[in-house]
Amino acid sequence: MLPTKLQTSATSKTRREIILEARNVVRKYPGTTALKGVDFRVYRNKVNVLIGENGAGKSTLMRILAGAESATSGELLLEGEPVAFADTRDAVKHGLAMVHQELSVLPNLSVSDNIFAGQELSRFGVVSEGEQSARSAEALGKLGSETSACVLAGALPLGQRQIVEIARCLAHRSSILILDEPTSALSSAECDRLFTVLRELKQQGVSIVYISHRLQELLDLGDHFTVLRDGLVAGEGRRSDVDRRWIVERMTGRNTQPDLSPPTPADAGGDLLRIDSLTAMGQNGRLVLDRVSLSARPGQILGIYGLLGSGRTELLEMLAGARTADSGEIFFRGQRCSFATVSDAIRCGIALVPEDRIRDALVPDRSIRENISLAGVRSFGRCFVSRRKEAERVRELAAELKIKANDLERPVSSLSGGNQQKVVLARCLLTAPSLLLLDEPTRGVDVGAKAEIYQILRGLASRGLSIVFASSEMEEIQQLAHRVAVLSLGAIVDEFDASAASEDRLFSAASGLRTHERENG
Amino acid sequence: MNKVAAGVPLTPHSSTASAGKSIATLLLKLRSVLALALLVVFFSSMTSSFLTANNLSILTKHVAITALLAVGTSFVILAGGIDLSVGSVAGLSGMTAGYLIVHGIVFASGDPHFLPIWLVILLSLLVGGAVGCLNGLLVTRLSIAPFIATLGTLYVGRGVALLISNGRTFPGLAGDAARHNTGFPAFGQAYLLGVPSPVWFMAIITLIAWVLAAKSPFGRHVYAVGGNERAAQLCGINVCRVKISTYAFSGACAALVGLVIASQLEAAHPATGQSFELNAIAAVVLGGTSLMGGRGSIGGSLVGAFVIGVLADGLVMLGVSEFWQMVIKGIVIILAVAVDQLQNRVQLRLAGGR
Amino acid sequence: MARRMLALAVVLFLPALLPMGCKRTGVSHRKLIAIIVPSQDNPFFQAEAVAAAERAKALGYDVRIDSHNDDPYSQDNLIDVAIASNASALILDNAGAEASISAVRRATKAGIACFLIDREIGASNIAKAQIIADNAGGAVLLGKRFAEIMGGKGKYAELLGRESDTNAQIRTTGFHAVLDKFPALVRVSAQSANWSQSEAFQRTETILQAHGDLNGIIAGNDTMAVGAVAAVRNARMDTIKVVGFDGSPDALSAIRAGALDATILQPAVKIAGMAVEEADQFLKTGSTGVPERQLVPCELVTRQNVDEFGTFQRIKPEKARE
């Protein structure tokens, strides 16, 4: 079943192409085996893509390559020679560096201090600032960044911070760069810039290992593809042999393509929600929302296409009562209302699934049950929570949303990303909303769970729920929305039915933002 | 933070293995109770007078003081805060009661007006609750870090307690029959069904606190605020109100402690309660509550208070020098937290996580 | 891992317990005398606690020493523990004249004979005895000595103890009963240094800045006097005469070195011994045979007679004065 047999008999030419190789790597944890004998090759001066659902073992494998963990068995070959890294510093010395999923930039230090954090260049015990800034500037220049090496890293936008992280690796003269979901926090303009940088790095002789959930960017960028499933290699191939379907089949182990057809528009009733000229000022005096008018109907899924900083999060939080507008009106069920607090909005029947579930939604140490019932716990008794009623309702919801957990009393942090997202969704449904707001509903969710969440949302809409979601993934907008609004720089720049939501139209609608971003550069 | 998002394979494990695992986890969970039992056995074997009804009654009475403070502070800590002002509040409430009993309230003109004891007690409790509210307001409205805000009220409270009497002790809190304010000593000294009144207070307050924490929506909200404040807010929980309530509860508990002590001594001393906050925090931590908030229980804090109380009284009975007592107390606290960390790691492993 | 933690616990715990655990072995049929003093890191209280303990052991009692750190609540707890341990007698240097009454009363009710040393409480007929040093008499003695060495004239400063402490009041009243009779002796400054050496050092430095012509300093206790001596030395104004009160080992060695002129020795060891002997008498006969309140005279220590004194006690008989 595994294609590994074929490839171990590789020619000497391919040998030379391979800079780093992991052979038959096994990593056991008490109670579970994360890697069950994985072969992985990193080709010289190529973008080597590693794909897999959450829990497939990608991160473990990368940590082993970067020296953060050691394998239970198996070996690593660098330039054909067996190596063993004592720790990440040792790996860095050998030219391997990892850019982490969670950005590890120190906001209180300057860019050059960040680049040399932990490995300061010093003479007689004194940090040589001059040399550090010079080498930082050199590394940043290579990346095409105009960021000054002496500004505080915390002052940079996310995309620039990512560049700083990569510069950190380059400054240590790394020849192999491992990027773990580098784009999950970036806007698409920032993504584009990152991809340009990666392509240039490739030309300059850097080999790249790239992990991401976003199939489109993988297909755009990747040269070699390796798919992991349940701790085993499920597929391996060059770009020319690989397409979307190939990846999805090997990731999920299913032969079916996820449902890509746009849903049929639901019967439109009267407006459930109507907002009129909603305007809000940001901290820097810029408008985060600029006269936004929208309406949502029962049974309809409204998709708001907007990139990071477009105001999509602010808009949804305003509707959910977590933020107040400076002017404009919100009409809910035909009545004018302004939600001062989240609990007001929940009482009216509005619930929000926030963008960042780890930061904004989950209480990691508490059980799945408590996390689900959190927003509506008073409905099980004002003074005493009836555990029986609570457990019953939570079980129902968990079954309905297919939350895969054998024990609802386990901490919610033990769940995978997709199941965590379903927990947040279940929490919202428990408050019996008539309007469901979702901010990036499938961020950091693997392909299988993504399809399930789409199905759940469609089901809810067909039962008459009004759904408004914001997303920066074009594909998601196309698959899920009945109607689409494009938000750019706080303003609705275009609005149309799903049938008209071609990639061209979405792009051109959002392009106002792009030119503007370039101006701000 | 993102690490918690890492997936865990949800493969069912065999029943025998899970039984073994659950026993191991249970033992770790009950470790503070086991430690307590161990201490009791140890001290009973060393001194014959330890395990007598008389001594146990006295011991529980002493524990009650730490337990009341610990239970109060538990809420604050569970909600992600800290309360350093409890010792000062205890001193302040005792002095308030002392002042009201000895001097009464003097209205604009005329003679002092003496209040009945129940009103004195109520007012002193209210003073404690008010300082707690102040803490809560400082933390929520002015966004002052809890450590700093309550450090400030620690000094202010102690200073005001000293100001009330100019640093002197209020003697003779027995009251005066002519002023109709006798009976205060009974508050902390009386026995009901053979059990000293502080123990009753401990039992009642702990029960209330346990119901609040484990059974009520308020408790869920406290855990949510401590576990992830932003998530709690986006769930429609009034985070400010929850926080202020926890500080007010803690303040009221501390005030109760101050009253009990003043009643036992029949005198109010402005320095009462110095460094009580450290005992309270130690008890909470011994009980397995995380200082980061969101994890722990009221029962744990109670057991923690017992561990500290048994250790203190037992070592005194053994005749251990006070310097060694400090060393041992410190070691016990460090061990407790070390074992707590161990438990987390073991649970994570048993759960099959990474 | 778990086993390692357990081993760690045992290793940390056992040595901590062994040295004291051995002190009291198992069940004893001897009577217990509990000694409670303010603290054990202060030489005065340490001397009184050790003296009482040694006397009691010599008389065949079991002994336990605890300290309440001037906290009435902590004292209350310790007395409870003494009751629970069936102590026969209690030797107590209490934590506050008013705040200690109820605890002493409770101990007495529980059948423990209470003997108060060093400090009184504000109630009579509860304790079997209250034995204290004659602070007022000692203060007069020191006042006389100070007037003598100053030659009856000049400028002096006074360092006062903690204002809320009754002993601070008694001592300063005693000083002034003598000093105020000399019109040429002018007090240019009076500051509280809260019995503390470091505070006394800082206050004295400030006073010396303001009064460069100072001739003498009279301090309410030795700790402050020693702090003042250090400040005087630092300022190279060695002609300034300093006197203290208590008779601490530090003060005695300062007197030997000539830095401190005089101090008043409180006979803490004698008082502790008296209390234990009276307790023994009471336990054997049901009466102490002496009145409840007893004043023990203090003694003046100067360079001439400093060798006759040890730690809070006279160790050699008085030489005839020349």
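Helices here are DSSP runs of H or I with at least four residues, strands are runs of E with at least two, and both are numbered from the N terminus. This is a predicted model, where local features need pLDDT of at least 70, side-chain atom pairs count only at pLDDT 80 or more, and totals for chains, interfaces and linings use all residues. Residues are numbered from 1 along each chain as its sequence is written, while chains are lettered from A and ligands numbered from 1 in the order in which they are written.

**View 1. The end of helix α12 in chain B.** Helix α12(B) covers residues 276-286 and is mostly tucked away, with 10 of its 11 residues buried (20 or more other C-beta atoms, placed from the backbone, within 10 Å of a residue's own; 12 or fewer is exposed, in between is partly exposed). Among the buried ones are B:Phe276, B:Glu277, B:Asn279 and B:Leu286. Just past the helix, look for B:Gly288, which takes a positive phi of about 90°.

**View 2. Chain A as a whole.** Chain A has 19 helices and 22 strands. Count the contacts (C-beta atoms, placed from the backbone, within 7 Å) with a separation of 6 or more, and 71% of them link residues 24 or more positions apart.

**View 3. An open sheet in chain A.** Six strands of chain A line up as β6-β9-β10-β3-β11-β12, with mixed pairing (two strands pair if DSSP finds at least two bridges between them). β6 (96-99) and β12 of chain A sit at the edges with a single partner strand each, so one side of each has no neighbour in the sheet. From one strand to the next, the twist averages 20°. In the run of neighbours, β9(A) (residues 176-180) and β10(A) (residues 207-211) lie parallel, joined by five bridges. A:Ile178 stands opposite A:Val209 in β10(A). Helix α3(A) (residues 58-65) packs on the sheet, touching β3, β6, β9, β10 and β11 of chain A, and its direction makes about 150° with that of β9(A) (axes are lines fitted to C-alpha atoms, for helices over the stretch in contact, with angles from 0 to 180 degrees between N-to-C directions).

View 4. Four bridges pair β6(A) with β9(A) in the parallel sense, and A:Ala97 finds its bridge partner in A:Leu177 of β9(A). Lying across β6 and β9 of chain A is helix α7(A) (residues 158-171), which runs at about 170° to β6(A).

View 5. Strand β11(A) (residues 224-229) is mostly covered, with five of its six residues buried. On one flank, β3(A) (residues 47-51) runs parallel to β11(A) over four bridges, with A:Asn48 opposite A:His224. β11(A) also pairs with β12(A) (residues 232-238), this time antiparallel over six bridges; here A:Thr226 has A:Glu236 as its bridge partner. The hairpin of β11(A) and β12(A) has two residues between the strands, and A:Asp230 in the hairpin takes a positive phi near 50°.

View 6. Leaving out residues up to four places away in sequence, A:Leu437 touches A:Leu316, A:Ile350 and A:Val468, among others.

**View 7. Two helices side by side in chain B.** The axes of α3(B) (residues 53-78) and α11(B) come within 7 Å and cross at roughly 170°. The pair is therefore roughly antiparallel (over 145 degrees; under 35 is roughly parallel, 65 to 115 roughly perpendicular, the rest oblique). Residues making the contact include B:Leu68 and B:Phe75 of α3(B) and B:Phe249 and B:Leu256 of α11(B). By class, this contact has 14 nonpolar, four polar and no charged residues (Ala, Val, Leu, Ile, Met, Phe, Trp, Tyr, Cys and Pro are nonpolar; Asp, Glu, Lys and Arg charged; the others, Gly among them, polar).

**View 8. Where chain C meets chain B.** Each chain brings 36 residues to this contact. On the chain C side, the elements giving two or more residues are α1 (2-21), β2 (62-67), α3 (72-84) and α4 (101-109). That side of chain C divides into 17 nonpolar, 10 polar and nine charged residues.

Terms used:
Contact = placed C-beta atoms within 7 Å.
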